[in-house]
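Try each task before you read its solution.

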Amino acid sequence: MQLDSKVPGGPLSEKWDKHLFDLKLVNPANKRKFEIIVVGTGLAGGSASATLAELGYNVKTFCIQDSPRRAHSIAAQGGINAAKNYSNDGDSVWRLFYDTVKGGDYRSREANVYRLAQVSNNIIDQCVAQGVPFAREYGGLLANRSFGGAQVSRTFYARGQTGQQLLIGAYSALSRQIAAGKVKMFTRRDMLDLVLVNGKARGIVTRNLVNGNIETHAADAVVLATGGYGNTFYLSTNAMASNVSAAYSAYKKGAFFANPCYTQIHPTCIPVHGTYQSKLTLMSESLRNDGRVWVPKNPGDKRLPSQISESERDYYLENKYPSFGNLVPRDVASRNAKLQCDQGKGVGETGLAVYLDFKDAIQRDGKDVIAKKYGNLFQMYEKITADNPYETPMMIYPAVHYTMGGLWVDYNLMSTIPGLFVLGEANFSDHGANRLGASALMQGLADGYFIIPYTIGGYLAGTKLEKVSTDDAGFKATAEDVEARIKKLLSIGGKRTVDDFHRQLGNIMWEYCGMARSAKGLTKAKDLIAELRAEFWENVLVSGSGNQFNQSLEKAGHVADFIEFGKLMVLDALARKESCGGHFNEDYQTEENEAKRDDESFCHVAAWEYAGDENEPNFQKEALNFENVTLTQRSYK
Amino acid sequence: MTQSNGKKNINLTLKVWRQVGPNVKGRLETYQANNISTDMSFLEMLDVVNEELIINHRDPIAFDHDCREGICGMCGAVVNGRAHGPEKGTTLCQLHMRHFSDRDTVVIEPWRSRAFKIIKDLVVDRSALDVIIQAGGYISVSAGGTPDANVIPVPQEAAEKAMDAAACIGCGACVAACPNASAMLFVGAKVSHLALLPQGVPEAARRVLKMVQKMDECGFGNCTNETECEAVCPKEISITNIARLNREYIKAGFL
Ligand SMILES: Cc1cc2nc3c(=O)[nH]c(=O)nc-3n(C[C@H](O)[C@H](O)[C@H](O)COP(=O)(O)OP(=O)(O)OC[C@H]3O[C@@H](n4cnc5c(N)ncnc54)[C@H](O)[C@@H]3O)c2cc1C
Ligand code: FES
C-alpha cells in the first residue's frame, strides 16, 4: 500500500479553504442516517462527539472513566496557544505555523501544521462562548503568557488548570448533546478491538468494566481519540488509565503506526521516590524562568545543598549554554540532567535528581514576588515531597510526558483503514519530533471542533457503505478473539503481578529507549522485550474472573499491549539513524553533544504496518517536503 | 525503621469496606499494611496492599483513580470518617502517608449516598452528577459561528470568581459528607460558574430550574446548611456558591 497524504495542491495558505470546498457534503437531512463511533472523551474526542452530534449525526461515544469529564486532558496545566496576536507582539498564523514546524525539528507535515495554526483562533472564540473562564486583564479582555519555543505571548490559560477548563467546556457541549439524544454515552468501557467489514472500519468491541460483558457496536465510521502511549514507560505524567490498546488494536487490524519512537521527556518533574511509585507529577516548565539548575561538582557528594558552597556547584546549563542558560528547550534540559546523573552527580536519595534553586531569585525579587508567580506550584511540591522550596532547592528530574508518534493519518485525519479516523494525541500529525508547550490542547480541539466535522462528511458522502449489523460474522469473530485473549490472561495463573511486568517494561524502555538511545542499547532492549513478552504470557497472575469488575484484568490487557508496542518503539528508534527532537541517538550527535539531524536520509515520516505477531512489521516512508520553511540546525549556545 | 533523612516506614491496620456488587451485603475487613514508606501516597499504599493480595490469590480492593494528581475527580473514599481523609483541600490521591503514624488503624469506606450505588468495594456509581449537568450545566452554543473572543469583556473579578466555582472536579465528596446527601455544592458551583459570566446569562433562569429539578429527581437530599461539603471539598469550593444558587433559583422563579 502506497501512503497518500492527500494534501491538497495550491499555496499553503489556501489549501484548507480549497479542500473544504472540494469535500463532498452530506445533506443535512441525511446526516441523521449515519452512525459514528467516537472512542475517547478528552479534548479531541469530547469536542468531536459534541460537534458531530450538533451537525446531526448519531454518535456513540466511549470512555474508560466513570464520566467523560475525567479524560486525561483534564490534567493539562499550562495553557493553549492561538495566533490571535492580542498581545500585539507580531504574532500571526504564519508565525505559529513556523514555530511549530521548527519546534518539531522539521519532521511534521507543513500543510497540517498550517491548518492547525489557522483554526487556532476559532478555538479560543469557541471556548470563550462556552464559558471557559480564561484569565483576563483588568479591562476585561483576555490575558496571554509566553511559553517555551516562542518569542511571542500567545498562550491562553485558566490558572494552572487550563486542560480542566477546556475539557469541562467540551464535556458541557457533549452533555448538551447527550440530553438531546444525539450522543449515546458509554462510560466505563474499554475498547479492545476494531471491527472491519470489507476492509472498512465499521465497529468496535468493548469490555463493560462494570460487569465484564463483551459488547459489539456497529457504525458507519469510527473515530479514535484515545490519547498517547506515554505509559509504555510505566512511570510518566500520564493518567493511570492512559493506554495504547485501542490504537494498537487498530494497528493490528491494518492501520499504520507513525513515528512511535518520538516521545517527549519533560525536564521538570518531581523525581521518583521509591519502587512503589505509581506515577510522576509535572512541575510547570515556567519554573525555569527563575530557578537555577545545579548539581555538586564532585560526584557522590551527598551533603545537604546548604552545605555545598557556590564554588563547589556546577550550574551546568548556564555554563554550557551561556545564551539560553536554564531556558534551553525541553529535550536539551532533560538530556543534560541525565548526563549529570550518569556522572554520579545526581542528588537526593536515589541520585536521580538535580536541584532547581530559587535562592537567588528570592534574594533578588523578594519572597512575595516569587510566591505570586509560583505559589501554587511550590505548595504542590511541598504536598508531595514535604520539602519547602522557599528554603531548600527543589529536586527535579525528567519524566515521560507526551508522545508525538501515533496512528498515521492523512490530511483528512483518516488512517490507512478507510473509515477509521484518529484525533488528538493518538495521531502523529502535527508535532513532528517534538511538541511545543501549549500545542497539544490546541491540536486536540482543532481536530475535534474544526477538522473532523468536515472531513468525515467527505468520507461518508463519497463512500458506498454496506448495511452492517453486530450480528454479522465479522463482529462475532472479533468478539470471540477478544474473549479468547481474556480467557488466556485469566488462565495463566503465574507468579508475577501485572504491575510487576509493567514496571520491568518501563525500566527497559527508560534505560534504552528514553532520553538517550544508541544502536547497541536498542538492540539489547529488543531482546529484553522479547523475553519479557514470553515470560508475561507464561507467568502473569491476573486475579478474579472475566464477568466482574476486575481492575487486574483491565490492566493486564493494557500491559500486554504495551509490551508489544514497546518493541515497535524500539524498532522505529533503531531505524531512525539520526537524532531529532525527542529522539536522541547518541550515535548521531555533533561534537558538542547536540542532536544531529540527517535531512538527506531521514526527512520522512516512518510508518509501520503490522505483519503478524512473530514477524517484523513492514516499513513505509512518507517523504516530507518543505516548500515554505528552510531547514536549520538548532543551536542554544 | 527511621531513615537518615527523617523519612520512615510505618505499619498500619486497615479496615476496608468490601462489597462484591451493588446488591450484595458488604462488610469491613481487616488487612495489615506493613513497611509503608511515609513518602507514598494513600493510593500507592493501597497498591502495595493489593499487590500482596493478588500474589496470595485474594481479591484486590477495587478503588477508582486516574490522574493521581488531584484534578480528575476519579478517586475518593471516606477515611476515618472523613471524605478524602484528614488533610484539608486534598484529594485522596494527594494525601501522603506521612500524615499517619505507625500502628494507626485506618478505616476506609466508599462514598455513601442514595444517589451513588456501590459498584464494588470503594467504587461507586456517580453518574447522577453527569445527569444533572446534562439537564442544563452548559451554555447552548454549537461549534462555529461564535464571535471573536474579545468581543465580550468580562470583568477580571467575575472571571476569577467563575474560575473559583469552575474548579470543581465532580468527585462527589460533598455529597458523601453531607448528612442529607445533598448535591447543592456541586450544583451551586456549576450554576455560579456560568451565571457569573456574561455568556451564561441568557440561559441562567432555565439552567438553574432544570438542574435543581434534576437534582431532586436523582434522589439527592436537601441542604440544611451543615457546611460539611465545604469542609471536605478538595478544591475548597465555597458555600457562597450555594447561596448564589438559591438566589438564582428565586430569581428564576419570578421570571
Ligand atoms: C501533566 C500534563 C500536563 C500537560 N499540560 C499541557 C499544556 O499545558 N498544554 C498543552 O497543550 N498540552 C499539555 N499536555 C498534553 C495534553 O494534555 C494531552 O496531549 C491532550 O490533552 C491529549 O488529549 P486527547 O483528547 O488526545 O486524549 P486524552 O485526554 O488522553 O483522552 C483519551 C480518552 O480516550 C479514552 N480511552 C483511552 N483508551 C481507551 C480504550 N481502550 N477504550 C475506551 N476509551 C479509551 C479515555 O477514557 C479518554 O476519554 C499535558 C499533559 C500532561 C500529562
Ligand atoms: S485520581 Fe484524579 S483526583 Fe485523585
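This is a predicted model: local features need pLDDT of at least 70, side-chain atom pairs count only at pLDDT 80 or more; totals for chains, interfaces and linings use all residues.

Residues are numbered from 1 along each chain, chains are lettered from A in the order in which they are written, and side-chain values use heavy atoms, without hydrogens and water.

**Exercise 1.** Find how confident the predictor is in chain B.

*Solution.* Start with pLDDT, the predictor's confidence in each residue, from 0 to 100. Chain B averages 95, and 97% of its residues score at least 70. Next, look at residues 1-5 of chain B, where the pLDDT is below 50. Finally, the complex receives an ipTM of 0.97 and a pTM of 0.97.

**Exercise 2.** Describe the build of chain B.

*Solution.* First count the DSSP runs (helices: H or I, at least four residues; strands: E, at least two): chain B has 8 helices and 7 strands. Then take the principal axes: the C-alpha atoms fill a box of roughly 65 × 45 × 35 Å. Last, of the 255 residues, 60% are buried (under 20% relative accessible area, 1.4 Å probe, protein chains only).

**Exercise 3.** Work out the surroundings of B:Asp130.

*Solution.* Locate B:Asp130 in helix α2, residues 127-134 of chain B. Now list its contacts (heavy atoms within 4.5 Å): beyond residues up to four places away in sequence, B:Asp130 touches A:Asp66, A:Ser67, A:Pro68, A:Arg69 and A:Tyr171. Then check for a salt bridge (a side-chain nitrogen of Lys or Arg within 4 Å of a carboxyl oxygen of Asp or Glu). B:Asp130 is buried and has none; A:Arg69, the nearest side chain of opposite charge, is 5.6 Å away.

How values were computed
Buried means under 20% relative accessible area, exposed over 50%, partly exposed in between (1.4 Å probe, protein chains only). Lys and Arg count as positive and Asp and Glu as negative; His and the chain ends are not counted.
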